[in-house]
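Here are my notes on this model, point by point. Please read them with the structure open.

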Amino acid sequence: MRYIVLVGHDEKGGKAMSPEQHQALFAAYQKYEADLKQAGVFLGGEPLKGSDQGVRISREGGKRKLLDGPFSESKEIIGGYFVLEVKSRDEAVEWAARCPAAELGAWSYVELREIQEIPR
Amino acid sequence: MSVPDAHSADSVGRVAAAIWRIESAKLIAVLARLLRSVDLAEELAQDAFVEALESWRKNGIPDNPGGWLMTAGRHRALDALRHTRRAERKHEQIERERQSSIAADFDEASDDVIGDDLLRLMFVACHPVVSQEGRVALTLRLLGGLTTVEIGRAFLVPEATVAQRITRAKRTLAEQRIAYELPQAADLPARLESVLEVIYLVFNEGYLASAGDDWMRPALCEDALRLGRTLAQLVPTESEVHALLSLMEIQASRARARAGPDGEAVLLLDQDRSKWDTLLVRRGLEGLTRAESRIRQGPGPYLLQAAIAGCHASAREARDTDWPRIASLYAALMHIAPSPVVELNRAVAAGMAFGPAVGLGIVDPLLDDPDLSDYPFLPSVRADLLAKLGRFAEAKTAVERAAALTRNARERALFLQRAAEYGRLGDLPHENAGQEAESDDNPA
């Protein structure tokens with residue numbers, strides 16, 4: 001079964017970090033990814049650029065609407081993801097709990113979601 | 001031993017099973033380095049796990065269950081070594097030194113060290129002195145975190161048989177005094193080959209299992225993929241390691257397309273390619289590139305097989321397949337790892353690339369090969385080539401032979417269906433055969 005670990009955080013929290021803290025966090029992510037790979041559960045994953053470079057698209061009243069980031073109304077945004085292949089939900093939970101984003105305090109979290117297999 | 005599996009009823013048991021799956025190989029590997037014994041390491045790791053389970057049921061699951069388990073294992077290893085020291089007074093000095101270095105080893109166990117430990121464990125579990133069955137069982141148990149029960153279900157043998165294979169494997173390792181070390185550079189190719197062979201065996205056991213079986217059998221593919229991914233992370237410089245992973249990922253990508261609605265096998269060229277798992281295809285092709293960039297003295301057998309699988313994976317439709325390239329890859333494979341089955345595959349590819357007469361020219365000499373005398377796909381391939389040449393009577397005889405050889409009822413039915421079709425085509429006037437075959441809506 002496949003899961004996606006969504007890394008969520010409040011961008012302001014990240015900006016409040018010192019360069020040393022940033023570096024430590026980066027190293028923690030590298031170690032996390034290496035651990036996932038060594039365990040053979042890593043299928044993919046990337047960090048995402050800031051929401052100030054993102055765009056939200058919808059259709060309202062028959063018209064396409066583009067909303068450029070940053071999205072001020074939502075404090076928490078997705079900053080990256082990991083795709084894992086594991087044998088059980090418990091295993092996925094344990095791996096997600098080891099993600100650095102789950103260790104940083106209230107401004108950061110991970111969200112674990114199972115990937116739905118589409119029957120074709 | 002009471003390692004609960006992932007389907008335990010209670011939640012602590014399930015979490016513990018997940019932790020065991022994540023941590024057991026590392027734990028056993030670290031303990032084996034310290035204790036110089038795989039057997040004792042496994043025993044103590046399991047003891048630590050039982051201790052963890054009891055404690056967690058009583059006190060709840062700790063915040064860092066993986067660390068908890070490692071610490072419990074470490075304490076048991078230190079106890080065991082203290083015990084050894086008491087038992088062997090004359091070795092006191094050595095033991096004291098060893099013990100203090102052990103404590104240091106534990107404290108400092110960096111990721112690199114643990115990586116080396118895992119790799120050592122893999123090499124020992126797959127050591128060529130152990131029988132193939134023993135290597136497979138030992139690898140799944142020590143590195144895959146599978147229980148004896150799970151291995152038995154996967155290989156359709158009683159649990160006692162698996163336990164016996166593991167005991168025998170461990171005894172062989174002890175009797176042959178196999179050092180718990182990474183292989184010397186000179187031995188590395190052969191030892192690595194043995195590891196790759198075990199992983200691919202596990203994969204094929206799962207992949208070739210017919211549909212509708214116990215879920216444990218297909219799950220072996222996942223176990224093999226996982227081992228392959230771990231190995232690729234531990235020895236990233238080896239072409240064949242990436243190649244095997246690529247081969248397995250590309251093959252696994254077709255899992256959903258390989259069986260029809262009634263569980264019947266769907267051949268590669270007839271598969272609905274939209275059902276292929278694009279994530280695995282992409283990973284497989286990336287792995288192939290990685291493998292190709294690490295070739296040192298010519299491509300290895302897994303690389304060539306992965307490249308062939310890659311040719312199929314990159315073709316959007318079956319008709320886009322690069323058959324000349326596949327034929328030349330099979331020719332290269334014949335050169336370094338000759339086998340009649342490879343030659344038969346080369347015949348198929350050459351037949352597609354250069355016409356049925358060329359394919360037939362490669363197939364016919366194989367008729368005398370004793371290794372293929374019972375192999376239904378030889379007459380089946382031959383029948384297909386003969387039919388393409390319009391030699392329907394010979395094609396019918398050949399495919400009937402295939403039907404007689406197969407032990408799979410579904411396959412037999414398909415062969416006999418083809419025999420009937422060749423029979424019908426053979427009865428038609430020759431120049432019309434093709435057309436009649438295409439527009440046959442007459443239930444004559």
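1. A:P70 sits in the loop of chain A between strand 4 (63-68) and strand 5 (76-85). The peptide bond that joins A:G69 to A:P70 is cis, with omega near 0 degrees. Helices (H or I, at least four residues) and strands (E, at least two) are DSSP runs, numbered from the N terminus.

2. This is a predicted model: local features need pLDDT of at least 70, side-chain atom pairs count only at pLDDT 80 or more, and totals for chains, interfaces and linings use all residues. Residues are numbered from 1 along each chain as its sequence is written, while chains are lettered from A and ligands numbered from 1 in the order in which they are written.

3. B:R36 is not a glycine, yet has a positive phi of about 60 degrees. The loop between helix 1 (11-35) and helix 2 (38-59) of chain B holds B:R36. B:R36 counts as exposed because it has 12 C-beta neighbours inside 10 Å. The cut-offs: buried means 20 or more other C-beta atoms within 10 Å, exposed 12 or fewer, partly exposed in between, with C-beta atoms placed from the backbone.

4. B:R177 also is a non-glycine with positive phi, about 50 degrees. Its place is the loop between helix 8 (159-175) and helix 9 (188-207) of chain B. B:R177 is exposed, with 7 other C-beta atoms within 10 Å.

5. Chain B is divided into domain 1 (1-109), domain 2 (111-231), domain 3 (236-314) and domain 4 (374-435). These bounds come from an automatic or database domain assignment. Contact between domain 1 and domain 2 of chain B takes 17 residues from domain 1 and 15 residues from domain 2. Contact means C-beta atoms, placed from the backbone, within 7 Å. On the domain 1 side, helix 1 of chain B gives the largest share, 10 residues.

Terms used
Two residues are in contact if their C-beta atoms, placed from the backbone, lie within 7 Å.
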